[in-house]
Amino acid sequence: MQIGPAGEKLVRFACLINMCNRANGRTGMGAVMGSKNLKAVAVRGSRRPEVAEKEALAEMRKWAADVFPKSAVSGLGKFGTPGVVSVQQSTGGLPTFNFSSGVFDGWKTIDGHNLYETALKGRETGKQDQEGRDTCFGCIIRCKRVVEIKEGPYPVDPLYGGPEYETVATFGSYCGVDDLPATCKANEICNKLGLDTISCGATIAWAMEAFEAGAITPKDTGGIDLRFGNGEAMVRLTEMIGKREGFGNLLAEGSARAAQHLGRGAEFLITSKGQEAPAHMPQVKRSLALIYAVNPFGADHESSDHDPSYEAGFNFFKDRLGKLGLTQAQEPRSLGPEKVKFARKTQHFFSMLDSLNLCQFACGVKKGTPTRPTLERLGMGWVADRLGL
Ligand code: SF4
């Protein structure tokens, strides 16, 4: 686990990178390590760890092998998280032009299907599933992307993986850039330099809106034409931020601090507690907006379940939500006491997943909640008590 040049240069949203392509993304932990002159933490072992509860683990493994291939997560595996671009677009929830709109005319270019067909490694021989998908340790879903682009203005090295949904949105629709290779290139640069893709893309989108409004001028940018849709400027600025060069040095402070330093552009900020918002329109996901406001570290999309699970998607998720006492599906775009209960209960649930080191996607399937017996066998009965399972 290492920081890159961005962490060494104390970019406010520098992150920690594992294996060149996995980011511990938000809140600038790379800058924290950089400030302590800590470059990397490496762990080496020579013995396999003992499994304390072999039977429980075997049970979980059998359950996963049985459930996952028949569940919706098989689609997640094939198209990755960028596969949700179409869903976000259809609900008006795809942040576009720095949250000025929830629909993006160029959405098909950044969607997971296009990524699968035109950018994943192995596409020339139809072997994307073998060569263009990667996995976290031991996970059979394999939702991670491996992009390889050899030609054109934005070559991409597969060593640095491929973009998640948040990344194609922040560098794509946020910035009005309908150029998939450009968003893949920005992702590569972020993984190479150690930048959080959400805050990086969102900060550039903020600057673009301020530029279009005249609050940021070519004099500020060093002559860069920072209008929405300029993919070349977006890619160039990503690199400049990671290296703290030119106008990138100011944007490396994040959008809120950059606006403060400039004394301009604060009216275009989309932040909570100083952190740029992830790729979900708060008007569409209103309980998520509430979580953005009350979350200790600001706007975060992985601290609770998203509203559609308790709205149109309820039938799909009712088994899991029912275990949390959430049985009354709500109207789209609503926020009442039941939605607040949904936000609170699922925030606890997601905290449990984080504490157990479980993936939200893998445990978000129809029958995905660990049961009380399983939790007890893993020594986590207290979690079942806490959740009322
Ligand atoms: S653990 Fe989660 S993020 Fe990792 S490959 Fe599996 S589903 Fe994807």
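**Briefing: salt bridges, core, ligand shell and surface patch**

R22 and D134 pair in a salt bridge, with 3.5 Å between the closest N and O atoms. The two residues connect distant parts of the chain: R22 sits in strand β2 (residues 22-24) and D134 in strand β3 (residues 133-134), 112 residues apart. The model is predicted. Across the whole structure, a search finds 15 salt bridges.

**Salt bridges**

- R22 counts as buried because its relative accessibility is 15%, under the 20% cut-off.
- D134 has 25% relative accessibility, so this residue counts as partly exposed.
- K144 and E164 also form a salt bridge, at 2.6 Å from N to O.
- This pair, too, links distant parts of the chain: K144 lies in strand β4 (residues 144-145), and E164 lies in the loop between β4 and α9, 20 residues apart.
- K144 is buried at 16% relative accessibility, whereas E164 is partly exposed at 24%.
- E338 pairs with K341 in a salt bridge whose closest N and O atoms are 4.0 Å apart.
- E338 and K341 are three residues apart in helix α18 (residues 337-356), so about one helical turn separates them.
- E338 counts as buried at 13% relative accessibility, while K341 is partly exposed at 27%.
- Side chains of opposite charge can pair when their charged atoms come close.

**Nonpolar core**

- The largest nonpolar core contains 68 residues.
- Within this core, I204, W206, L226, M234 and I241 have the most contacts.
- Helices that each supply at least two residues of this core include α7 (112-118), α9 (165-173), α10 (180-193), α13 (231-243) and α16 (286-294).
- Helix α11 gives the largest share of this core, nine residues.
- In soluble globular proteins, nonpolar side chains tend to be buried together.

**Ligand shell**

- The residues around the ligand are T135, C136, C139, I141, R142, C143, K144, C359 and F361.
- By class, the shell divides into six nonpolar residues, one polar and two charged.
- K144 is one of the shell residues and also the salt-bridge partner of E164.

**Surface patch**

- M1, L38, V41 and V43 make a nonpolar surface patch of about 350 Å².
- V43 lies in the loop between α2 (29-35) and α3 (54-67).
- V43 counts as exposed because its relative accessibility is 78%, over the 50% cut-off.

Terms used
Residues are numbered from 1 along each chain as its sequence is written. This is a predicted model: local features need pLDDT of at least 70, side-chain atom pairs count only at pLDDT 80 or more; totals for chains, interfaces and linings use all residues. Side-chain values use heavy atoms; hydrogens and water are left out. Patches are made of residues with over 30% relative accessible area and no salt bridge: like charges are joined within 9 Å, nonpolar side chains (Val, Leu, Ile, Met, Phe, Trp, Tyr) within 5 Å. Accessible areas come from the Shrake-Rupley method with a 1.4 Å probe; for residues, only the protein chains shown count as cover. A salt bridge is a side-chain nitrogen of Lys or Arg within 4 Å of a carboxyl oxygen of Asp or Glu. Helices (H or I, at least four residues) and strands (E, at least two) are DSSP runs, numbered from the N terminus. Buried means under 20% relative accessible area, exposed over 50%, partly exposed in between (1.4 Å probe, protein chains only). A residue is near a molecule or strand if one of its heavy atoms lies within 4 Å of it. Ala, Val, Leu, Ile, Met, Phe, Trp, Tyr, Cys and Pro count as nonpolar, Asp, Glu, Lys and Arg as charged, and the others, Gly among them, as polar. A nonpolar core is a set of buried Ala, Val, Leu, Ile, Met, Phe, Trp, Tyr and Cys residues joined through side-chain atoms within 4.5 Å.
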